[in-house]
Amino acid sequence: QAFDSILVHVGGSTHAYSDFRETGWPHLDALVGGSAPYFYRDKDRLNGGYAYEHTLFTDGPRILKYAEKKKLTTSSDTPYNFGLTFADDGTPAQGQTALEINIRFRSGGKRTQLIYDPELGQYKSHEYGEAYIDGNTGGQMAFTNIIVIQCKSTTDSSGYRVFHTLTGTGKGTFACGGKLIPIQWSRAHDTASFVFTLE
């Protein structure tokens with residue numbers, strides 16, 4: 001919501017649909033509203049053993065056509081403040097050495113690993129212990145600036161749906177150039193930008 005964006009999704013939970021109704025957040029659902037021409041199944045993934053829900057795709061031009069059909073606005077008269085401006089070399093001068101960053105989303109759950117490549121000057125990404133590969137280029141995903149925020153997470157009684165509290169304030173970490181520093185984040189409300197400051 002902070003980006004005033006249209007959310008494109010395939011179905012959703014009862015809670016999510018309730019949020020859509022209450023907030024009026026514009027969205028395009030692949031499961032309803034005559035969406036068939038705007039999504040497609042990747043046959044290679046269908047035949048490659050992927051779970052069925054990981055075979056549905058779309059692209060920018062299709063999304064724009066679907067948004068036009070649904071009469072959704074795709075522009076804004078209000079300039080948007082992304083809240084982020086990075087220097088060409090944003091390495092924190094007083095930062096601690098951080099050649100490897102491990103992010104665990106919960107105990108026993110997904111783990112993301114970012115390993116600094118000094119020749120590239122970026123952090124290479126690993127998911128589930130393997131290189132995270134860009135399906136379009138075949139290259140490993142790599143990033144210059146890393147921001148990790150800590151937030152409160154809860155699950156519903158089924159343990160399936162996870163809710164993250166992304167408003168208020170919290171702690172975080174900023175990494176660049178093989179170094180990191182502790183930061184603070186704040187966000188006033190659901191449609192506001194994140195604000196990052198030094199700890």
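Modeller: Helices (H or I, at least four residues) and strands (E, at least two) are DSSP runs, numbered from the N terminus. The model is predicted: local features need pLDDT of at least 70 and side-chain atom pairs count only at pLDDT 80 or more, while totals for chains, interfaces and linings use all residues. Residues are numbered from 1 along each chain as its sequence is written, and side-chain values use heavy atoms, with hydrogens and water left out.

Rings of Phe, Tyr and Trp (its six-membered ring) pair if their centres lie within 6.5 Å; planes under 30 degrees apart count as stacked, over 60 as edge-to-face and the rest as tilted. That rule gives nine aromatic pairs. One of them joins Y17 and F20, edge-to-face, with 6.3 Å centre to centre and 65° between the planes. Both residues lie in helix 1 (residues 14–23), and because they are three residues apart there, about one helical turn separates them. For accessibility, buried means under 20% relative accessible area, exposed over 50% and partly exposed in between (1.4 Å probe, protein chains only). Y17 is partly exposed at 25%, whereas F20 is buried at 9%.

A further edge-to-face pair is F39 with Y66, at 6.2 Å centre to centre and 90° between the planes. This pair links distant parts of the chain, 27 residues apart: F39 is in the loop between strand 2 (27–29) and strand 3 (40–41), and Y66 is in helix 3 (residues 60–69). F39 and Y66 are both buried.

H9, in strand 1 (residues 7–9), is in contact (heavy atoms within 4.5 Å) with Y17 and F20, among others, leaving aside neighbours within four places in sequence. H9 counts as buried, with 11% relative accessibility.

Two rings have a charge over them, meaning NZ of Lys or CZ of Arg within 6 Å of the ring centre and within 35 degrees of the ring normal. The charged end of R41 sits over the ring of Y52, 3.8 Å from its centre. For R45 the ring is that of Y50, with 3.8 Å to the centre.

Finally, Y128 is in the loop between strand 8 (122–127) and strand 9 (130–131). Y128 is exposed at 63%, and its phi is near 55°, a positive value in a residue other than glycine.
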